Amino acid sequence: LALALSRPRGEDNIISEEEAAQYDRQIRLWGLDAQKRLRGSRVLLVGLRGLGAEVAKNLILAGVKGLTLLDHEQVTEESRRAQFLIPVDADGQNQAQASLERAQLLNPMVEVKVDTDAVESKLDDFFFRFDAVCLTRCSKDLMVRVDQLCASRNIKVFCGDVYGYHGYMFSDLGQEHHYVEEKPKVVKGSNEANDGPEAKKRKVDPNETTMVKKTISFCSLKEALEVDWTNEKAKSSLKRTPADYFLLQVLLKFRTDKGRDPQPDSFAEDSQLLLQIRDDVLETMGLSSELLPNTFVSYCFSEMAPVCAVVGGVLGQEIVKALSQRDAPHRNFFFFDGLKGSGVVDYFGSK
Amino acid sequence: IIIRVGLRKELADSLSSCRVLVVGAGGIGCELLKNLVLTGFKNIEVIDLDTIDVSNLNRQFLFQKKHVGKSKAQVAKESVLRFCPSANITAYHDSIMNPDYNVEFFRNFQLVMNALDNRAARNHVNRMCLAADIPLIESGTAGYLGQVTVIKKGQTECYECQPKPTQKTFPGCTIRNTPSEPIHCIVWAKYLFNQLFGEEDADQEVSPDTADPEVAWNPADAAARATASNKDGDIKRVSTKEWARSTGYDPVKLFNKLFKDDIMYLLTMDKLWKKRKAPLPLDWTEIHQLESSQEEAFGTGLKDQQVLGVQGYAQLFHRSVETLRSQLIEKGEGAELVWDKDDPPAMDFVTAAANLRMNVFSMNMKSRFDVKSMAGNIIPAIATTNAVIAGLIVLEALKTLNSDFDQCRTIFLNKQPNPRKKLLVPCALDPPNPNCYVCASKPEVTVKLNVHKTIVQALQDKILKEKFGMVAPDVQIEDGKGTILISSEEGETEANNNKFLSDFGIRNGSRLQADDFLQDYTLLVNLIHSEELEKDVEFEVVGDAPDKAPAPSVPEEGKNIANGNKDSAQPSTSSKAAAEDDDVLIVDSDEEPSSSTMEASPESSNRKRKHHDADTDATASKRKRLDQQPADDDEDIIALD
């Protein structure tokens with residue numbers, strides 16, 4: 001039987017024996033079709049710190065066609081100890097470049113590439129060569145820009161960050177994201193006990209399933225971050241709104257103002273600034289500072305490795321879902337609070 | 001000194017000095033080891049009896065293709081040291097149930113974290129941690145779902161506080177006479193493999209069951225029975241293996257006996273077919289005279305995902321019997337094969353035999369891919385679920401180090417958010433069950449059985465080991481003399497094994513004291529004699545919910561705290577199971593191991609047990625949470641959705 005043993009190219013429909021063996025346990029979960037779509041997808045991953053490394057691992061193991069690791073920063077002792085792809089002697093090298101070898105070894109069937117430019121310097125058409133883009137450690141302005149230019153071209157956009165015990169991910173899968181869900185087939189006909197001698201028809205396997213097609217729409221990051229909280233409807237939904245949403249706004253503003261995230265080394269100064277920004281941001285939105293109690297400052301410094309693992313796992317799986325077009329995507333934010341162990345999916349933006 | 005990633009200094013210091021044990025270096029274990037060292041844990045010991053397989057590589061990221069066949073614990077250690085050379089890691093390629101790992105060994109650690117895939121080991125580690133009074137973090141994943149919980153003696157439930165439904169088994173008559181689902185045919189095919197090529201087991205009969213209570217013979221049928229099958233007499237008198245040997249394992253003769261003669265015999269048991277579609281016998285010659293149905297070109301699918309026609313499976317049956325026959329001959333006199341899903345002719349045989357039987361019983365046939373899932377008890381697995389759960393484990397670990405047990409939670413990972421928008425659902429931990437047969441101060445159980453029909457061996461293996469999780473039980477009768485029934489010392493009480501309990505004066509109301517010294521566990525067993533147990537049921541634990549039905553204590557509202565869609569890509573045993581599962585308890589993904597992984601396992605009884613479990617339970621063993629609905633942590637109201 002002619003199984004293609006050569007490495008898969010592009011939209012090849014054949015799965016090699018090597019792939020079938022390695023991906024067996026995931027093909028049994030999401031199906032062969034999904035695996036093929038993954039296998040034809042190219043992804044851009046920006047930022048190779050703790051969260052980035054987790055996402056890189058998850059996507060490479062899943063078997064995407066290509067993953068480009070983009071990061072302009074250099075390895076420091078701190079950044080090296082935050083992730084598991086960078087070798088111990090790599091201080092001073094470019095972060096993406098230093099991560100390349102170990103990343104590639106995770107799965108030789110994936111084309112892993114490196115780009116050492118700053119993402120801000122990239123022109124529009126750089127992004128168009130990808131099926132999905134994942135941004136970590138990026139400024140709000142950049143994320144909004146990339147989201148805007150990608151959404152119109154059906155390129156799936158993801159953002160994510162980890163701040164201490166907290167983390168989030170955002171996704172924009174475009175106005176019309178098509179996917180399938182596997183549902184059990186409705187077994188018509190009653191069981192043997194009820195039917196008399198008539199019950200002699202061919203049995204339908206109770207475990208047979210059917211694929212149902214669905215479509216869902218997403219709003220832009222800009223819309224999601226610029227919700228108007230002054231109207232009555234928004235105000236009434238505040239009780240069920242995770243405080244993490246406002247925490248994210250504060251941290252993004254900090255990043256824009258200071259060009260970096262809160263650092264343990266400048267704890268005193270940064271905490272003060274965070275509280276100030278919290279007051280400003282909430283006031284601008286017409287909301288009370290009580291929505292985000294002061295205690296937040298103690299828990300949003302640095303990247304906690306286990307939080308990167310949780311957020312990276314959810315984010316990685318969302319990218320896999322979007323590329324494989326299988327299963328309902330989370331819409332459109334996921335917030336993780338590592339202190340409580342709670343992970344919440346919520347929608348912000350126009351319905 | 002750089003303050004470790006945002007942690008308070010005191011916590012960071014205790015991380016560097018504490019010693020932790022990770023049990024398992026597979027899907028969860030690899031992710032867990034990585035998280036532990038990146039968080040600042042310095043002294044880690046990891047144990048795993050398994051070796052690396054290519055199917056692990058989609059998620060066990062510390063391993064590469066070149067490591068296939070090597071020890072998981074060893075390679076995991078080496079890979080971790082590469083990105084954290086200052087970590088102090090000890091790796092054991094061994095079973096945690098080895099008596100070397102006694103209570104003293106466990107006392108070396110401040111924390112134990114399980115990353116296991118089977119209940120026996122979980123039970124055992126649970127008891128060791130109770131005995132040593134060390135906190136234990138339990139976890140499990142299957143597909144998109146996962147769970148983490150914390151166990152602390154005296155403060156929380158232990159792993160065995162809530163009775164867990166035992167592995168699903170099917171009645172003998174369903175397997176032998178009236179299969180109605182593919183899984184019944186697959187179990188039958190695995191039994192057949194053992195009867196023909198492996199270790200014959202009295203519990204794994206494949207021939208028609210004349211003792212089926214549904215059948216109700218009358219004398220007039222006797223003649224019909226006799227003429228229905230030329231081999232009728234042989235069915236009763238000669239074992240399947242002996243019969244096969246007498247024909248030289250002739251595939252055609254085997255085929256006709258199993259799929260024609262035995263089926264015709266079943267047809268004479270006409271009461272069975274009054275309300276069921278009767279089976280249709282196959283004949284070797286007839287099959288090959290039919291126009292061969294167009295075998296679907298597999299084209300863009302996996303080769304294994306093809307579903308062949310009857311001729312195809314007949315051919316596969318023929319080929320695999322011949323190959324297995326050669327394997328037997330090669331091994332020599334008295335040889336026995338062990339079924340292994342990764343051994344192609346063994347897998348071919350089960351695929352073929354199961355499908356032929358499905359065809360006989362008018363079921364849609366299944367591809368080798370699907371049969372392998374069910375026969376091999378394969379749990380689908382991906383990297384991301386394990387990554388999330390391993391992250392949660394470390395977050396709980398940080399709390400236990402501070403002894404903040406009131407902050408610890410059970411956390412469920414769903415596939416989709418619940419109506420409260422939660423994808424990760426933290427729930428408060430429950431206090432210990434005062435009647436737990438493991439962690440209560442003087443654990444006691446009551447077991448119903450027939451003292452005249454239960455042999456000592458069965459008490460040891462099926463009741464004390466399998467049901468009550470002991471590894472090396474010592475049993476004495478509370479008869480005033482302290483008569484020793486079972487000794488864990490090899491050979492000491494071997495003479496007792498095949499005797500009946502009644503031979504020792506055991507009767508209704510007798511009490512036995514069972515000890516497992518390794519687990520520091522004593523269980524008082526009260527016996528009730530009964531002659532009215534259901535067919536195929538050897539014993540019952542009084543107070544347990546019946547094996548197959550869901551526990552009645554789950555309130556209706558609890559079911560609505562949806563944990564999202566059950567992953568339906570994995571074929572389950574029945575649609576009923578799919579509807580009832582909601583909360584996923586710790587999941588056992590006790591995959592049928594390939595023979596190579598058994599080298600490290602010292603217990604041959606362990607091996608046998610694994611076979612039995614995998615035979616009977618083909619699902620991703622999702623367990624029901626039997627107690628009350630989980631209380632949301634961040635609000636005072638119990639969640640009712």
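Visitor: How many residues does helix 10 of chain A have, and what distance does the helix reach from its first C-alpha to its last?
Guide: In this predicted model, helix 10 of chain A covers residues 244–258. At 1.5 Å a residue a span of 21 Å is expected, and the helix comes close to that expectation. Helix 10 of chain A thus has 15 residues and reaches 21 Å.

Visitor: Which residue follows helix 10 of chain A, and near what value is its phi?
Guide: The residue that follows the helix is A:Gly259. Its phi is positive, near 70°.

Visitor: Why does A:Val320 count as buried?
Guide: A:Val320 is found in helix 12 (residues 305–324) of chain A, where, leaving aside residues up to four places away in sequence, it touches A:Trp30, A:Leu38, A:Leu59 and A:Ala62. The cut-off for buried is under 20% relative accessible area. A:Val320 counts as buried because its relative accessibility is 2%.

Visitor: What distance separates the centres of domain 1 and domain 2 of chain B?
Guide: Chain B is divided into three parts, of which domain 1 comprises 9–164 + 380–427 and domain 2 comprises 172–218 + 237–292 + 299–376. Taken over C-alpha atoms, the centres of domain 1 and domain 2 of chain B are separated by 41 Å.

Note on methods. Residues numbered from 1 in each chain as written. Chains lettered and ligands numbered in written order. Predicted model: local features only at pLDDT ≥ 70, side-chain atom pairs only at ≥ 80, totals over all residues. Heavy atoms only, no water. Helix = DSSP H or I, 4+ residues; strand = E, 2+ residues; numbered from the N terminus. Buried < 20%, exposed > 50% of the residue type's maximum accessible area, 1.4 Å probe, protein only. Contact = heavy atoms within 4.5 Å. Domains from an automatic or database assignment. Expected span 1.5 Å × (residues − 1).
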